[in-house]
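Here is a short report for a first look. Start with the view below, then read on.

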Amino acid sequence: MNIVVPVKMVPDLVEELEVDAAGHALDRSFLKLRINEFDEHALEEALLLKATHGGTVTVLALDTGEVDETLFTCLAKGADRAVKITGDFQEGVSSHAAAVVLARALGAVPHDLILTGVQAADDRDGQVGILLATALDLPHVSVVSGVEPAPGGKAATVRQEYSGGIMAELEVDLPAVLGIQAARAAPRYAPVSKVRQVMKTQKLEEIPAPPVEAGAGSTVSRLAKPETADRAEILEGSPEEVADRLLALFAERGFLKR
Amino acid sequence: MQDLTPLNDMAVVIEHLEGKLADISFEMLGKGRELAKVSGGRLLALLLGRGVKGLAAELGAADTVVVTEHEALAHYTPEAHKQALAAILKARPPRVTLVANTAMGMDLAAGLSGSLGWPLCAYVKDARLADGRLTAVSQIYGGKLLAHADMEGPSAILSVLAGSFPADAGKATGTPQVEEVAPPPLDKVRIRFKRLIQPEAGDVDITRQAVLVSVGRGIQSKDNIPLVEELAEALGGALSASRPIVDQGWLPKTRQVGKSGMSVKPKLYVAVGISGAPEHIEGMRGAELIVAINTDPNAPIFNVAHYGVVSDLFDVIPLLTEKIKSS
Ligand SMILES: Cc1cc2nc3c(=O)[nH]c(=O)nc-3n(C[C@H](O)[C@H](O)[C@H](O)COP(=O)(O)OP(=O)(O)OC[C@H]3O[C@@H](n4cnc5c(N)ncnc54)[C@H](O)[C@@H]3O)c2cc1C
């Protein structure tokens with residue numbers, strides 16, 4: 001089975017996010033990017049499927065900046081091929097445009113199963129996987145945790161997670177695009193030494209992106225931190241003082257009597 | 001000749017499971033009503049399924065309930081539902097189509113945007129219509145920023161985060177007009193429903209606890225979880241968690257709070273090392289008293305918490321547990 005995993009770089013949410021002077025977009029000059037965490041789950045599920053069912057895993061990424069190390073890391077984890085799609089993506093790219101670019105690139109990459117992360121922190125105009133499926137006229141299922149290909153590889157049984165812990169089991173004809181919420185095991189870790197070694201011994205494939213017309217279909221006029229009138233009252237002080245204040249709060253609200 | 005009448009109807013894709021309407025459906029009807037007042041159009045509720053017509057009686061907030069029934073729609077599947085909706089929407093394009101940003105709605109919203117070529121804004125917290133211009137406010141970057149966007153074109157799709165609008169505003173009695181619409185041919189579907197799997201019962205039911213202390217990825221390793229568990233015990237409550245803790249296999253799924261976990265409403269909810277992503281907040285927003293401990297002063301959890309502590313959990317939690325125990 002040929003599995004393709006498109007991965008995407010997103011701002012690292014642990015870092016402070018700065019908005020540019022115009023107030024429309026992130027200030028990309030200080031932005032630290034990392035792989036979308038749900039894409040790591042998609043890759044893990046792909047690698048586990050390959051381990052039991054054989055086949056290949058190909059990772060694709062648009063060159064939105066800082067993708068090389070991410071792609072080498074995917075190779076170090078066990079992906080067979082890593083393809084960088086080059087183009088003018090440094091200022092970010094809408095989900096609609098990314099989907100069209102990926103759909104074109106997939107014309108040259110065999111795929112029985114496409115696994116993407118269920119969503120990314122910045123896909124304001126929708127999730128890339130679903131838009132990609134629509135562009136390729138393939139079935140898609142989002143919020144998937146659990147993929148089991150049927151014997152013969154013509155279909156797969158997948159689990160879609162609803163709220164309250166309820167799940168639906170669906171049977172999907174392949175090829176299909178699945179938005180992975182969680183792999184069946186926590187994503188593996190590639191040691192830095194392994195990544196370094198892969199950087200020396202393996203190569204990234206590069207293909208240029210075709211020109212695309214698609215855009216987000218909307219224009220951001222303002223990007224800002226949420227202004228909440230009832231933001232938390234921050235308890236200041238040393239850990240000792242803060243613990244005392246919390247203790248007093250819990251006592252006052254009746255959480256300490258037993 | 002092209003019809004140049006501006007579109008002004010609002011449509012809401014009704015979400016339901018096992019014969020029960022989801023709360024988000026009412027939230028969207030309330031918002032849809034507000035937008036329809038501005039545009040002067042009708043509010044349409046789009047109800048798909050098999051044997052679901054009876055649910056229309058609960059959708060009194062809408063002017064018209066468009067009911068589409070078919071064997072292939074008996075259970076939710078992304079493909080058949082999307083195909084049916086695309087046909088319905090194409091025949092009567094609304095100005096705005098509201099879809100829930102849920103596991104079900106996610107496939108529909110982006111799928112419809114792709115199929116119909118209508119712009120989509122996801123993770124929507126609010127929407128305004130003024131002078132014919134539609135602005136959508138979407139919560140991105142894990143809830144850290146809000147993007148206000150002007151939507152292009154005559155029709156737009158918005159996928160709405162649960163909890164964005166009051167559900168009560170969309171709960172109205174009254175008898176909406178029911179319009180039955182046959183779906184397009186749905187015989188070539190590539191996704192088939194097999195079964196629903198109900199959650200397993202766990203050792204504790206976190207939805208019934210008065211006090212929950214919830215642990216997030218800030219805890220760093222499984223070995224540190226007892227730190228937080230001890231606090232929960234000292235407070236006479238139970239330990240719950242954010243999703244990544246469960247995905248790591250550190251705690252069972254039954255302890256997960258949030259969109260794909262449990263919705264909880266304890267008297268006290270202490271969030272320890274949890275950032276407050278929209279999917280987490282969805283499950284605990286209703287707690288009476290929320291206290292958050294996080295090293296990041298910009299963590300979105302502080303937007304819903306009543307009290308916050310910006311410090312290292314490893315400094316504060318053991319101290320606090322000690323103090324509670326000896327109080
Ligand atoms: C369809 C879907 C459904 C989902 N359902 C759920 C769900 O049901 N429940 C859920 O929780 N998530 C759910 N998620 C995942 C959600 O998007 C977030 O990824 C998740 O909530 C993040 O968990 P977290 O806050 O523990 O981790 P992170 O976002 O990584 O946050 C960790 C926090 O810990 C803080 N921290 C780090 N070190 C310390 C320290 N020493 N002391 C104090 N603070 C520290 C950091 O500042 C950070 O804010 C869902 C996602 C999707 C797409």
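In which sense do strand β13 of chain B and β14(B) pair, and over how many bridges? The two strands run parallel, and 4 bridges join them. The model is a predicted one.

**The sheet**

This pair belongs to an open sheet of 6 strands. The order is β13(A)-β17(B)-β16(B)-β15(B)-β13(B)-β14(B), and the pairing is parallel. At the edges stand β13 of chain A and β14 of chain B. Each has a single partner strand, so one side of each is left without a neighbour in the sheet. Strands of a sheet pair through backbone hydrogen bonds, either parallel or antiparallel.

| Strand | Chain | Residues |
|---|---|---|
| β13 | A | 233–234 |
| β13 | B | 211–215 |
| β14 | B | 238–241 |

**A charged patch**

Now to the surface of chain B. Glu229(B), Glu230(B), Glu233(B) and Glu322(B) gather there in a patch of negative charge. Helix α4 of chain B, residues 225–234, gives the largest share, 3 residues. Glu229(B) lies in this helix. Is Glu229(B) buried or partly exposed? Its relative accessible area is 32%, so Glu229(B) is partly exposed.

**Chain A as a whole**

Chain A holds 6 helices and 13 strands. It has 258 residues, and 53% of them count as buried. Its C-alpha atoms fill a box of roughly 65 × 50 × 40 Å along the principal axes.

Technical notes: Residues numbered from 1 in each chain as written. Chains lettered and ligands numbered in written order. Predicted model: local features only at pLDDT ≥ 70, side-chain atom pairs only at ≥ 80, totals over all residues. Heavy atoms only, no water. Patch = residues over 30% accessible without salt bridge, like charges linked within 9 Å, V, L, I, M, F, W, Y side chains within 5 Å. Areas by Shrake-Rupley, 256 points an atom, 1.4 Å probe, with all protein chains shown as cover. Salt bridge = Lys/Arg side-chain N within 4 Å of Asp/Glu carboxyl O. Lys, Arg positive; Asp, Glu negative; His and termini not counted. Charge placed at Lys NZ, Arg CZ, Asp CG, Glu CD. Buried < 20%, exposed > 50% of the residue type's maximum accessible area, 1.4 Å probe, protein only. Pairing = 2+ DSSP bridges.
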